[in-house]
Structure formats: C-alpha cells, structure tokens
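This report covers a helix packing, a salt bridge, a backbone angle and a cavity. Please have the sequence and the model open while reading.

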Amino acid sequence: ALSPSVSLLTKPRPPFPLVSLHPGVILESEGLHRLAYNATFAHFDLRFPGQESKGPVEWSEPFYDDLQNKVGGGKPKMHHVFGNNASGYPSFSLPGEKQRRPSPNAKDDKDFLVDTLQAWKSKKYEAMIAGGEVPPRPGVLRLMDSAKESGLKVGVCSAATKSSVVAVLDALLGPARVGGLDVFLAGDDVKSKKPNPEIYETAAKRLGIPPESCCVVEDSSIG
C-alpha cells in the first residue's frame with residue numbers, strides 16, 4: 001500500500017514538503033498495542049463492577065479496531081472505555097497489596113489508575129518490540145530512504161508515549177535513519193490527541209513548512 005507513495009514523493013516541489021509517518025505505518029503496531037493492553041489488564045486484574053466472574057478486562061480485535069479509529073492516545077482510550085462503562089471504572093489489584101482497590105469514583109483516583117496502567121503497558125510494549133520479532137511493513141524503509149534522497153524532510157508523529165515510539169524507531173529503523181529524522185513528536189509533546197491536528201501542525205511549524213505542503217502517511221481514520 002505504500003509503494004505508490006514512493007513515486008509521488010520522489011519529485012519534490014518547493015517548499016520541500018514534510019513527509020510525516022505514524023509508527024503504526026512503520027510496523028503493524030495496533031495489534032501489539034492491544035496485546036500489551038490485555039497483558040496489563042491481566043497483570044492488575046482489572047474487573048468491572050458486577051462483572052467480576054467474567055475475569056480480567058480484555059479488548060477483542062474488533063473492539064480495539066473500532067476504538068483505535070475513534071480515540072487517539074493510550075490514556076484517552078482507557079478513560080473513554082472505562083468512563084462509558086455503565087458500572088463504572090474497574091476495580092484492580094496492585095502488586096504487593098493484599099486487598100483489591102475498589103472502582104475509583106474521584107477524578108484523581110481515576111487518573112491514578114489510568115496513569116499506572118499506561119506506565120506498565122508502555123514498558124510491556126517496549127519489551128515486545130525489543131524482542132526483535134516484529135519486522136517493519138514492506139516498503140516503509142524504501143519510502144523513507146527515497147524521500148530523504150529526494151531532498152524531502154521526513155518526520156515521525158505519534159499519539160503514543162515517547163518511550164514507546166523510541167522503542168519502535170530504535171528497533172526497526174536503526175540509528176542512521178533515526179538520527180536523520182527532521183522532526184520527531186510524540187503524545188507527550190502536545191496537549192491535544194488525534195483527531196486534533198495539533199501534532200502535525202506543530203511538526204510543520206517547527207520546520208517552517210506550510211501544512212498544505214506536507215504529506216502524512218497514517219494507519220487509522222482518526223489520523
């Protein structure tokens with residue numbers, strides 16, 4: 001799916017467009033994210049009130065495919081799902097604590113739960129990437145190399161946490177390509193997540209390139 005883009009991008013026109021890639025374009029990341037979320041939910045034994053017998057919360061492939069096309073960023077995804085659950089946020093267990101923590105009601109308690117989950121999930125995801133078993137999508141490296149050779153600026157913009165994105169880039173692109181990126185922004189660098197265009201507008205602004213002169217290669221409809 002990326003091959004046609006190469007021919008389009010090898011003829012740069014002033015003011016030298018920015019080709020911005022999402023990490024989900026570099027590899028099939030959403031499936032890994034889902035597995036990392038489910039591993040996190042099992043680790044903390046997340047259970048929705050009144051549904052404890054069903055076992056830990058688990059996101060199916062169809063559910064996550066729909067979710068990732070509606071909500072950008074890990075924390076917003078969890079707040080969206082938990083907040084729209086009729087019985088409230090899930091109860092959970094923290095390692096080292098004998099008693100389960102009840103479903104949080106106060107905003108600070110909800111934030112604590114989601115922050116804790118996101119931190120563990122990010123480390124799990126990074127460990128999965130570092131295993132070296134996930135190859136880049138066919139054509140992605142050729143696209144990046146062709147764009148750079150043609151004088152285009154190439155960047156990576158992601159709603160994910162910076163540590164997760166760095167893990168993907170280091171494992172799949174290698175130091176030379178990572179070092180050659182003209183801009184790199186993660187969810188930590190902006191206030192608003194996709195579908196808000198802030199991250200792409202910020203990338204264009206940092207390089208002094210009009211947004212209309214940029215080409216974004218995305219992997220989800222909200223991008």
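The notes below take these topics in turn.

The model is predicted, so local features need pLDDT of at least 70 and side-chain atom pairs count only at pLDDT 80 or more, while totals for chains, interfaces and linings use all residues. Residues are numbered from 1 along each chain as its sequence is written, and side-chain values use heavy atoms, with hydrogens and water left out.

Helices are DSSP runs of H or I with at least four residues, numbered from the N terminus.

| H3 | 29-43 |
| H4 | 61-68 |

On the H6 side the contact (heavy atoms within 4.5 Å) is made by Ser122, Tyr125, Glu126 and Ile129, and on the H8 side by Ser163, Ser164, Ala167, Val168 and Ala171. Five of these residues are nonpolar, three polar and one charged.

The whole structure has ten salt bridges (a side-chain nitrogen of Lys or Arg within 4 Å of a carboxyl oxygen of Asp or Glu). In one of them, Arg34 pairs with Glu61, with the closest N and O atoms 3.7 Å apart. This pair links distant parts of the chain, Arg34 in H3 and Glu61 in H4, 27 residues apart.

Asp45 lies in the loop between H3 and H4. Although Asp45 is not a glycine, its phi is positive, about 50°.

A cavity is a set of points on a 1 Å grid over the protein atoms alone where a 1.4 Å probe fits but cannot get out. There are two cavities of 30 Å³ or more. The second largest cavity has a volume of about 40 Å³, and its lining (residues with an atom within 4 Å of a point) includes Lys193 and Lys194.

Key. Helices (H or I, at least four residues) and strands (E, at least two) are DSSP runs, numbered from the N terminus. Ala, Val, Leu, Ile, Met, Phe, Trp, Tyr, Cys and Pro count as nonpolar, Asp, Glu, Lys and Arg as charged, and the others, Gly among them, as polar. On a 1 Å grid over the protein atoms alone, a cavity is a set of points where a 1.4 Å probe fits but cannot get out, and a pocket is an open set with protein on both sides within 12 Å along at least five of seven lines; lining residues have an atom within 4 Å of a point. Grid points are joined across faces, edges and corners, and a volume is the space filled by probe spheres set on the points.
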